[in-house]
Amino acid sequence: MIQSLDHILSGLSSGCGDLNLRKLESQLIAEGIEDGRQLGILKEYGVRTVQGFLFSRPIEISEFEAKYMI
């Protein structure tokens, strides 16, 4: 059974005390972000690095290099 993102983060928060990544000076990379609601929840918890279909579908390495490499 797939749990919702807010349920998972709530569980982490209660299990780890205060899950505020800014306070912990930790970085969490969230993958598989598909909609604005998920992104909003992650922002509330201080997650600053994300990837997923909300931003881009998978692309070929050549396209990535042409688009993002300097």
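In the predicted model, Ala 30 counts as buried, since its relative accessibility of 10% falls under the 20% limit applied to that class. The residue is placed in strand β1, which spans positions 29–30. When neighbours within four places in sequence are left aside, the contacts of Ala 30 are with Leu 42, Val 47, Thr 49, Val 50 and Gln 51.

A contrasting case is provided by Gln 27, which is located in the loop between α2 and β1. Its relative accessible area is 62%, and Gln 27 is therefore assigned to the exposed class, for which the value must be over 50%. The C-alpha atoms of Gln 27 and Gly 46 lie 8.7 Å apart in space, with a sequence separation of 19 residues.

Among contacts with a separation of 6 or more, 31% are formed by residues 24 or more positions apart.

The largest pocket has a volume of about 230 Å³. Its lining comprises Gly 32, Glu 34, Gln 51, Gly 52, Phe 53, Phe 55, Ser 56, Arg 57, Pro 58, Ile 59, Phe 64 and Tyr 68, and by residue class this lining divides into 6 nonpolar, 4 polar and 2 charged members. Gln 51, listed above among the contacts of Ala 30, is also one of the residues that line the largest pocket. Two further lining residues, Phe 64 and Tyr 68, fall within helix α4, which covers residues 61–68 and has the highest confidence in the chain, at a mean of 92.

The mean pLDDT of the protein chain is 78, and a value of 70 or more is reached by 63% of its residues. The lowest confidence is found in helix α2, residues 21–24, where the mean is 60.

Definitions and conventions:
Residues are numbered from 1 along each chain as its sequence is written. This is a predicted model: local features need pLDDT of at least 70, side-chain atom pairs count only at pLDDT 80 or more; totals for chains, interfaces and linings use all residues. Side-chain values use heavy atoms; hydrogens and water are left out. On a 1 Å grid over the protein atoms alone, a cavity is a set of points where a 1.4 Å probe fits but cannot get out, and a pocket is an open set with protein on both sides within 12 Å along at least five of seven lines; lining residues have an atom within 4 Å of a point. Grid points are joined across faces, edges and corners, and a volume is the space filled by probe spheres set on the points. Ala, Val, Leu, Ile, Met, Phe, Trp, Tyr, Cys and Pro count as nonpolar, Asp, Glu, Lys and Arg as charged, and the others, Gly among them, as polar. pLDDT is the predictor's confidence in each residue, from 0 to 100. Helices (H or I, at least four residues) and strands (E, at least two) are DSSP runs, numbered from the N terminus. Contact means heavy atoms within 4.5 Å. Buried means under 20% relative accessible area, exposed over 50%, partly exposed in between (1.4 Å probe, protein chains only).
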